[in-house]
Each structure stands twice: as C-alpha cells, then as structure tokens.
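Okay, thanks for making time, everyone. Let me put the structure up, and then I'll walk you through some side-chain contacts and a bit of strand pairing.

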Amino acid sequence: MSHNSFGHLFRVTTWGESHGPALGCVVDGCPPGLKLTAEDIQVWLDKRRPGQGKFVTQRQEPDAVKILSGVFEDDRTDGQVTTGTPISMLIENVDQRSRDYSEIAQAFRPGHADYPYFAKYGVRDYRGSGRASARETAARVAAGAVARKVIGGVAVRAALVQIGPHTVDRARWDWDQTLRNPFWCPDAETVAVWEEHLEKTRKAGSSTGAVVEVEAIGVPPGWGAPIYGKIDAELAAALMSINAAKGVEIGAGFAAAAFSGEENADEMRMGNDGPTFTSNKAGGVLGGITTGSPVVARVAFKPTSSILTPRKSLNEAGEEIEVRTKGRHDPCVGIRAAPVVEAMTACVLADAFLRHRAQTGGEAFQPGHRD
C-alpha cells in the first residue's frame, strides 16, 4: 500500500490501523533547535480524543503520545529540542473491540471503503476499517503539533459551522465560544439546536454530516507557488485526504459563482505595515500564493457510514445481503474533525514556509518598501 506520505520539505508519513497495537507518524524535514516535548503534542491530541461526550464514539483511548526519535536534551539545549532528524511518534491503541466487526468480515458496508480496498488489494482489515478508519487521524494531529512549532507566528483555529441542515449565525460568531462547548461551535445559541438534532440522530441509530471552517492568521504574503504548487490546491488536497471529507472550498468558495466581479474583488489599501485588503473573498490566496490576509477554508464531511439501519449491499462472494453496522461510532464525525482540519492546515503551511524560505530566503516584496 503506497501513498502514506504527504508534503515536500516538511514531510509526514502516517502508519498503523484502527485495531492494530499502535499507530503513529514520522515527520521528516523539521528544522533543528525547536523546543518540542510530548506535552506540546498531547495538548492537541486531547482535543481530538474519543469518548469525551455522548455525541462521539465511546471508544476510550488516552492517545498518549511517545516521541521515539528526532529530539535531544542536555545542559546546553535549555530543554528538549528537535535535532533536524526524523521525528517518530507512537500512539498505542488500548480499547479495540474487534469482535464488534465479526459479522461484517466478508460484507461490504455501504458508504465505507470496504469494497474499493478489496477490489484493489484483494485483502482488507475489516476491524474498524483498518487503515481507512478515522483513528488514523490521531497521527495527523501529532504531526500538526510539530508543524505549529515550525510556523510559530501563525495561529491556526477551526470551528464547526454546520451540523446536518443547521448552520451557525455569523452575526453571533465568537471564537471564544468554540472552547466552551463540545461542538467547537462559535455561535452559543446554535449549540442547543445541534444537541437536539444529534440526540434524535443518535437515538435513531443514524448519522449526520457537518462542515468545518479553518482560519490561519499571521501567514505573510508570498507562501505558495504559481501553477502546480498553488498553496490553495495543496491545502484542498490535504483537507480532502481526511476521512469522510467530501468537499473543500477556499475563501468564498462556491458562493463566488453568484458574485459579480465587483463583489468578488478584494479591494486593496495601503496600511501602516503594508498592503491590506478590505475583504477576503479570496481566502488569503491569489494565484496560488498567500496575500497576507487570513487563509480560510471549509471542509464538508459526509454522515458517518456506520449506522444501525439495515442497508442493502453485497458480500465478497457477490451475494446480495443486508448490512447493519454495530460497534462504537461517531453519529457526526465532524465534531472531532476540527483538530484534524487544524493539523492538516498547519502541515501544509509549514511545508509552504520551508519551501518559500529555501527559494527566496523568506523575504516578501512589500509595495512602498523598495530600496
């Protein structure tokens, strides 16, 4: 199985399965001298960790990370720092229940990766979907914690903006609210609406979709490259690689199709510290290169495919069957997706920063500042 790595200069390889003994990642290309401890990584893993509420999977995983390589400490380093060599991290699985999947060992679950995996490889790990499980995203969050160290001046944050048909009211948007409720919701009044919707969904044994919005503040102009190295294209690819992601938009996204040219154009002004934009329909990216405005993207997640409602399908013998999926599953995968979306965004930006620095030395031309 190939294609378990992404990135160029900041390169991440994840490994492991949902019901294996452990999973983890290797981060290659991290610059030396950055302070990095397991605690720096754990704080982000705890935000993604399962079992923290009735609207997420009840699988109890501490997600305790171990750094196996790539760091060093002595009396000259002022704490543990990166060495510039590959950083390997391990997260043990401690609460697998493989017996929950014995009934579907030869069945293809509708909406899952069962059939295409089997068609491609002729073998599949049906226990919790194996490599296709959202459990794999824990390793991405660990890698994202390292990426945040590389781009220390950039703040990456995400929020849920829609669950099922219910969207937030942007007039009530408050980022602080995302830390005060279990849904990463920036609109306090929408929390109760989501709770009611999710309670009905959970009791019905069904699932619902969601949309996560991510924002990166402090990205300077100049990151990314034209044509085939566009940072928005790489960000879209990274976000689409997250389990259950079915759509990505940058800035205004699909809404821009209804705009006029005047409405869509982000006008520019000269500020005290250089150019500024009066709006951000472009999502902080023009021509594949960052503008200095916040980089903004949204990801649509499909409803969890593991549901109790019987659905018609096939088994490996080609027989028509009915499938209902038992086990512990998220009624809405989007709830725990916000930390994953943040992590993938951080990894893309860390890679873009290192590539920009390698090609240009890191300086971006500012109008009005030419010598």
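Start with K281, which lies over the face of F259, at 5.7 Å from the ring centre. For a charge to sit over a ring here, NZ of Lys or CZ of Arg has to be within 6 Å of the ring centre and within 35 degrees of the ring normal. R148 does this too: its charged end sits over the ring of W44, 3.6 Å from the centre.

Quick housekeeping. This is a predicted model, where local features need pLDDT of at least 70 and side-chain atom pairs count only at pLDDT 80 or more, while totals for chains, interfaces and linings use all residues. Residues are numbered from 1 along each chain as its sequence is written, and side-chain values use heavy atoms, with hydrogens and water left out.

Now, ring against ring. How many aromatic pairs does a search of the whole structure find? Six. To pair, rings of Phe, Tyr and Trp (its six-membered ring) need centres within 6.5 Å; planes under 30 degrees apart are stacked, over 60 edge-to-face, and the rest tilted.

Take F108 and Y115: the ring centres are 5.4 Å apart and the planes stand at 75 degrees, so this pair is edge-to-face. F108 is buried, at 9% relative accessible area, whereas Y115 is exposed at 52%. Those words mean under 20% for buried, over 50% for exposed and in between for partly exposed, with a 1.4 Å probe and protein chains only.

F108 also pairs with F118, this time tilted, with 5.7 Å centre to centre and 50 degrees between the planes. F108 is in the loop between strand 7 (87-92) and helix 2 (114-121), and F118 is in helix 2, so the pair ties together parts that are 10 residues apart in sequence. F118 itself is partly exposed, at 24%. Put together, F108, Y115 and F118 form one aromatic cluster.

Last bit: strands. Helices (H or I, at least four residues) and strands (E, at least two) are DSSP runs, numbered from the N terminus, and two strands pair if DSSP finds at least two bridges between them. Strand 8 (residues 155-163) pairs with strand 10 (residues 210-217) in the antiparallel sense over eight bridges, and A158 stands opposite V214 there. Strand 8 also pairs antiparallel with strand 9 (residues 166-167), over two bridges, with Q162 partnered by T167. Strands 8 and 9 make a hairpin with two residues between them, and G164 in the turn has a positive phi of about 60 degrees.
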